[in-house]
Amino acid sequence: MKLVTVCGPPSSGKTAVILKTLEAFADRGLKAGVVKFDCLSTEDDVLYEKAGIPVKKGLSGPLCPDHYFVSNVEEIVQWGRGKGFDLLVSESAGLCNRCSPHIKEVLAVCVVDNLSGVTTPKKIGPMLKMADIVVITKGDIVSQAEREVFASRVAAVNPKAAVLHVNGLTGQGAFELSSLFDDEEREVESLIGYQLRFTMPSALCSYCLGETRIGESYQMGNVRKMKID
Amino acid sequence: MINEIKNQTVGALLGTYPFAAVYFDGHHVDTKGRESVTVVDVFSDFVTAAGEDAVTTADELLEGLSEHVQQMLLFLADDLDTVRSLNLLPGTHKDGTPENFTNITINSGETICIVGPTGSGKSRLLADIEWVAQGDTPTGRTVLLNDQVPDRKWRFSPTHKLVAQLSQNMNFVMDLTVEEFLEMHAESRLADNVSDVVVRIIDQANALAGESFAPTTPITSLSGGQSRALMIADTAILSRSPIVLIDEIENAGIDRQKALELLLSEEKIVLMATHDPVLALMGGRRLIIANGGIEAVIETTEAERVILKELAVMDRRMTDLRNRLRRGERLE
């Protein structure tokens, strides 16, 4: 089974891009499934089901969504293999821009949108900088100039990535993205022993354990203070 | 390339490749005051200083920088004007029947119109061109540039987009003045003489729009017509894409004939998806799209050109009346 990790800031169009891309993927007679990781709630699983795409939903609740992702991804891979998928897409939101679910030797996609502003590529961390493919969405509503500036900023922070423009509404570019998924040759039987491309956010402080009170005497563990002069 | 750049000083590197500054900035590496330090040391120090916040290793930064420099050199060296012609070779309609043409050649400086109802396959045609299809898209069409199988860079490179698009739904979303905005675009295109280019674009845009605007006008407060005029002038002059797709720009409050002339004078290939008779007849040919494929290619006839002349007169009269209304004049 092929595996792809898709991530991107909230509301960048990940689900729309995946839906259109898997539609084109199914047209090739191939079977794909999705696992959607989110924090508190998601209704995207309904969208996938409606499109006839098998979907598993994982909500991290009070936990760090990325830690939750990496703790469950192997089980999800086994679920996908059991279902006989040709391709499994893992979708997760990069909620703090630092996060990155990308795994070494596994195709990594980052979705960003033109509306997020030209400084955004610089602000997003490993999620964008370590992706193999960067998909830029919402190009149908901004000017050609802004699209060009945005794409050049993406290229400046991740010169190695293939950059594709996909319209999540019309599906323009989705066939092309699906052909890149199809070209992927690496098959995953199990992720045991694989490595993340980048470390997860680290924390183990009193707030991780449910503390709600504010003040230094309540802060224990891995706590960092701002430098204020 | 990595070995070539890693032991250079940052000052020397930026002297040779000024565009590399974007890369340092994009990775938040401050080079100020460190011009005499080697690139590899600047990266190592940066990663060390970042400690657990480091996003990448010094090696990865070097590799990325080398890739960035190579891409930009390719971009600068490339004469994109060398797309002199576009060839479409037939594929099939949705039902699998072959398309009804043998080879459509469109040369630079030429306009071709695309007509057909919504859902007939106009977007797929454009997507085939943008993806430089090689029989590997749902239509099975093949696209050639300059009569040859094109380089794969057209598919993935952010700096080599084959098609620039202009459509009615597009808006400016940045919070910048016209001048700042154009400067930013010109810099991202590595234009030689930024201030001259900016002046030229503003002049051209003002020649297209009914009402002129100043360089200090915020782009978000331009009127619909002014925005469209600025987008067209900017695309004609600054965009490196050799093909321009214009999607339905009727009623835009701009001089459409002049707009088209401007694009063509920059040796672009212009594709227009339109049902506006004035625009449609300006093209030498029309591609008729139906059932997912190209059904026919129609040459604009002499009789149609006569109609175009009549329409142009009406169009000018409408523009004139609109301008008089704007100036607060009576129309009688």
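Residues are numbered from 1 along each chain as its sequence is written, and chains are lettered from A, with ligands numbered from 1, in the order in which they are written. Because the model is predicted, local features require pLDDT of at least 70 and side-chain atom pairs count only at pLDDT 80 or more, whereas totals for chains, interfaces and linings use all residues.

Chain B contains 13 helices and 9 strands; these are DSSP runs numbered from the N terminus, with helices (H or I) of at least four residues and strands (E) of at least two. The C-alpha trace of chain B spans about 70 × 55 × 30 Å along its principal axes. The domain assignment, which is automatic or from a database, divides chain B into domain 1 (2–77) and domain 2 (81–300). The centres of these domains, taken over C-alpha atoms, are separated by 36 Å. Of the 332 residues of chain B, 38% are buried; a residue is buried if 20 or more other C-beta atoms, placed from the backbone, lie within 10 Å of its own, exposed if 12 or fewer do, and partly exposed in between.

Between the chains, 32 residues of chain A are in contact with 37 residues of chain B, contact meaning that C-beta atoms placed from the backbone lie within 7 Å. On the side of chain A that touches chain B, α6(A) gives the most, with 11 residues.

Two packed helices are described by the angle between their axes and the distance between the axes. Helix α6(A) packs against α8 (residues 178–188) of chain B at an angle of about 50°, with the axes 9 Å apart. Axes are lines fitted to C-alpha atoms over the stretch in contact, and angles run from 0 to 180 degrees between N-to-C directions. The angle makes α6(A) oblique to α8(B), since angles under 35 degrees count as roughly parallel, over 145 as roughly antiparallel, 65 to 115 as roughly perpendicular and the rest as oblique. In this contact, A:A145, A:E148, A:V149 and A:S152 meet B:M184, B:H185 and B:S188.

Within chain B, B:L89 lies in strand β1 (residues 85–89). B:L89 is partly exposed because 17 other C-beta atoms lie within 10 Å. Not counting residues up to four places away in sequence, B:L89 touches B:N103, B:R141 and B:T142. B:L89 and B:I104, 15 residues apart in sequence, are 6.7 Å apart in space, C-alpha to C-alpha.

How values were computed:
Contact = placed C-beta atoms within 7 Å.
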